[in-house]
Amino acid sequence: MTAVVVDNVTKVFNQGRSDEVTALSDVELTVGDGEFVSLIGPSGCGKSTLLRLIADLIQPTTGSVTVAGKSADRARRDQDYGIAFQQAGLFEWRTVLRNVELPLELRGLKKSERKAKAEEMLALVGLADFAGHYPAQLSGGMQQRVAIARALAVQPPLLLMDEPFGALDEMTRERLQTELLGICAKTGTSTVFVTHSISEAVFLSTKVVVMSARPGRITAAIDVDLPARDEAARQSEKYFEHVTAVRQALRGVPAKSAT
Amino acid sequence: MRRVLYVLLGVAIFAALWEGYKLVGSPDGTVLFGVRFLPRADDLSMPHLWTVLQRLGRPELTGGQPVWIVILHACAFTFGITAAGFVAGALVGLVLAVLMQQFRIVERGLLPYVILSQTVPLVALAPLISGWGGTIMPPWATVSVIAAYLAFFPVAVGMLRGLQSPTASGVELMRSYAAGWWRTLVKLRFPASLPYLFPALRLAGAAAVVGAVVGEISTGTRGGIGRLIIEYSREATSDPAKVYTAMLGAALLGLFVAGAVSLLEVPLMRHRRHVEVVTL
């Protein structure tokens with residue numbers, strides 16, 4: 001079964017008004033189970049819009065979105081995905097632990113189960129010792145890790161991330177990238193990841209989807225095949241080949257097949 | 001400890017200003033271009049503070065109870081009215097805020113009237129409301145209605161801002177959890193609105209005291225501190241210290257209500273306190 005199928009989707013904002021904007025036009029996207037797909041493109045290319053469509057936070061104007069074999073709406077109601085935004089968006093009045101518990105609470109889990117699950121997730125992102133802290137006491141990188149733990153708490157088959165590391169410094173960013181890959185490998189989660197960064201997209205993804213703006217559409221999909229994804233991989237020739245391929249695709253140069 | 005010192009310092013500064021002005025001020029007040037811009041400093045207008053304090057200990061009328069007991073009773077009576085008005089006003093304010101947050105059309109339609117309600121002079125409204133006394137509610141409750149009428153406003157406006165304060169990503173997050181209107185309200189909007197709610201409640205507390213005191217006077221309700229101020233001020237020419245004892249009572253009542261309201265905050269704002277401690 002495929003994690004996400006976006007079939008011929010067009011999204012028009014403010015339809016029929018003078019400020020009508022075609023955010024996405026004829027988008028086709030398939031995310032296989034266990035795949036890590038990055039969406040990359042200039043500002044305004046509709047990559048966030050595409051992510052929100054998959055999350056059923058907005059509805060397509062035409063076309064259909066299928067998540068885990070169901071309609072996007074059904075999948076959202078079943079909490080078939082976890083989501084993380086650029087801002088960690090933690091609830092400042094809840095402790096770290098209770099923030100991670102939130103989605104479990106809304107699912108109606110018992111208190112003891114909730115606590116056990118949330119503690120497990122915090123251990124996964126390396127914040128077990130900070131369960132009783134309040135978000136304002138944590139650094140930006142730690143907050144973002146809590147947000148990822150929260151997204152993973154219901155153990156969704158699909159993880160949606162909208163520039164989750166965008167506001168972080170380079171060092172924290174690279175560390176969290178490695179952590180995220182480890183978590184995804186461990187849990188077998190499929191991921192759709194929106195980013196501005198070519199290197200981030202190549203390092204993380206099995207497939208990089210390149211988009212262009214006005215109207216937003218997919219211009220290229222580049223499969224990334226790295227033998228390993230560790231610190232050495234960031235220096236490998238293959239990695240740089242892929243970075244070049246993505247960069248050329250972003251500039252509109254016809255992509256040479258990067259195999 | 002330090003706070004107690006500050007309070008005592010504040011009282012001392014007030015006493016020094018009062019007595020200092022009495023010392024240097026003209027007994028007939030200072031008149032400039034036909035306007036008296038500094039008050040009379042004679043014993044009739046500004047009795048010595050110790051006279052006021054002494055007056056508290058002496059009987060209200062010959063052979064009656066000491067004034068401080070009478071004032072305490074009156075304050076307790078007015079406090080009851082204030083509390084009832086405050087609770088009713090806060091609840092009305094909350095409900096209005098939730099409705100306005102949920103329905104854009106209600107916000108557009110209702111908010112101007114909410115603001116308009118506070119421009120209606122209380123004195124014009126009081127006789128109307130006092131007419132309800134004895135028929136649909138006991139007379140004291142009409143004063144509570146007036147207090148509530150003043151108290152609901154800051155709560156409605158402050159709470160509306162608070163309920164609208166969560167970021168779009170917070171709201172989207174709740175939507176991604178398939179949380180409906182009610183659960184978004186309880187888990188996100190209410191807790192997010194608390195920093196807006198508490199200052200609003202403090203304003204509402206002060207407004208409820210003013211409403212109760214003014215309400216007592218304009219509806220002619222007996223037994224409260226507002227009524228006492230009016231009664232004692234009639235004796236001001238023969239016994240000037242007496243009216244000041246009643247005013248002192250009203251001021252202390254206001255402080256007491258403000259303090260009680262800010263106590264509400266303590267259990268609910270733990271995370272704020274926590275953060276402050278850590279950043280120190």
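Helices are DSSP runs of H or I with at least four residues, numbered from the N terminus. In this predicted model, one such run is helix α5 of chain A, residues 140-152, and A147(A) has its place there. A147(A) counts as buried because 27 C-beta neighbours lie inside 10 Å, where 20 or more are needed. Beyond the neighbours within four places in sequence, A147(A) is in contact with A84(A), A88(A), G89(A), L90(A) and P164(A). One of these, G89(A), is 58 residues away in sequence, yet the two C-alpha atoms are 7.3 Å apart in space.

A55(A) lies in the loop between α1 (47-54) and β4 (62-67) of chain A. The residue is buried because 23 other C-beta atoms are within 10 Å. When neighbours within four places in sequence are set aside, the contacts of A55(A) are R76(A), Y81(A), I83(A), L160(A) and, from chain B, S176(B). R76(A) is 21 residues from A55(A) in sequence, and the C-alpha atoms of the two residues are separated by 6.6 Å in space.

Chain A is divided into two domains. Domain 1 is made of the segments 1-80, 158-220 and 246-259, and domain 2 covers 87-155. Taken over C-alpha atoms, the centres of domain 1 and domain 2 of chain A are 25 Å apart. To the contact between them, domain 1 of chain A gives 12 residues and domain 2 of chain A gives 14. On the domain 1 side, helix α6 of chain A (residues 170-187) supplies the largest share, with 6 residues. By class, that side of domain 1 has 8 nonpolar, 3 polar and 1 charged residues.

Helix α8 of chain A, residues 237-251, was examined for its length and its faces. Its 15 residues, at 1.5 Å a residue, should span 21 Å, and the end C-alpha atoms are 21 Å apart, so the two values agree. Within α8(A), the residues H242(A), A245(A), V246(A), A249(A) and L250(A) are buried. These residues lie on the same side of α8(A), because they cover an arc of only 135° around the axis. An α-helix has 3.6 residues a turn, so residues three or four places apart point the same way. The face of α8(A) turned away from the buried side carries the exposed residues E237(A) and R251(A). The buried residues of α8(A) are covered by elements of chain A that include β3 (36-40), α7 (198-204), β9 (207-212) and β10 (217-223). Just after α8(A) comes G252(A), with a positive phi of about 90°.

Between the two chains, 18 residues of chain A are in contact with 17 residues of chain B. On the chain A side, the elements that give two or more residues are α2 (72-77) and α3 (96-106) of chain A. The largest share of this side comes from α3(A), with 3 residues. By class, the side of chain A that touches chain B has 11 nonpolar, 4 polar and 3 charged residues.

Chain B contains 11 helices and 2 strands. From the N terminus on, its elements run α-β-β-α-α-α-α-α-α-α-α-α-α. The C-alpha trace of chain B spans about 70 × 55 × 45 Å along its principal axes. Of the 280 residues in chain B, 34% are buried. Among the contacts in chain B with a separation of 6 or more, 71% join residues 24 or more positions apart. Chain B is divided into domain 1 (1-46) and domain 2 (61-279), and the centres of these domains, taken over C-alpha atoms, are separated by 30 Å.

Two helices of chain B were considered as a pair, namely α3 (residues 67-102) and α4 (residues 104-117). The axes of α3(B) and α4(B) come within 8 Å and cross at roughly 145°. From α3(B), the residues L96(B), L99(B) and M100(B) meet V106(B), E107(B), L110(B), L111(B) and V114(B) in α4(B). By class, the contact of α3(B) with α4(B) has 7 nonpolar, no polar and 1 charged residues.

Terms used: Residues are numbered from 1 along each chain as its sequence is written. Chains are lettered from A and ligands numbered from 1 in the order in which they are written. This is a predicted model: local features need pLDDT of at least 70, side-chain atom pairs count only at pLDDT 80 or more; totals for chains, interfaces and linings use all residues. A residue is buried if 20 or more other C-beta atoms lie within 10 Å of its own, exposed if 12 or fewer, and partly exposed in between; C-beta atoms are placed from the backbone. Two residues are in contact if their C-beta atoms, placed from the backbone, lie within 7 Å. Ala, Val, Leu, Ile, Met, Phe, Trp, Tyr, Cys and Pro count as nonpolar, Asp, Glu, Lys and Arg as charged, and the others, Gly among them, as polar. Domain bounds come from an automatic or database domain assignment. Axes are lines fitted to C-alpha atoms, for helices over the stretch in contact, and angles run from 0 to 180 degrees between N-to-C directions. The expected span of a helix is 1.5 Å times one less than its number of residues. The arc is that of the directions from the helix axis to the C-beta atoms.
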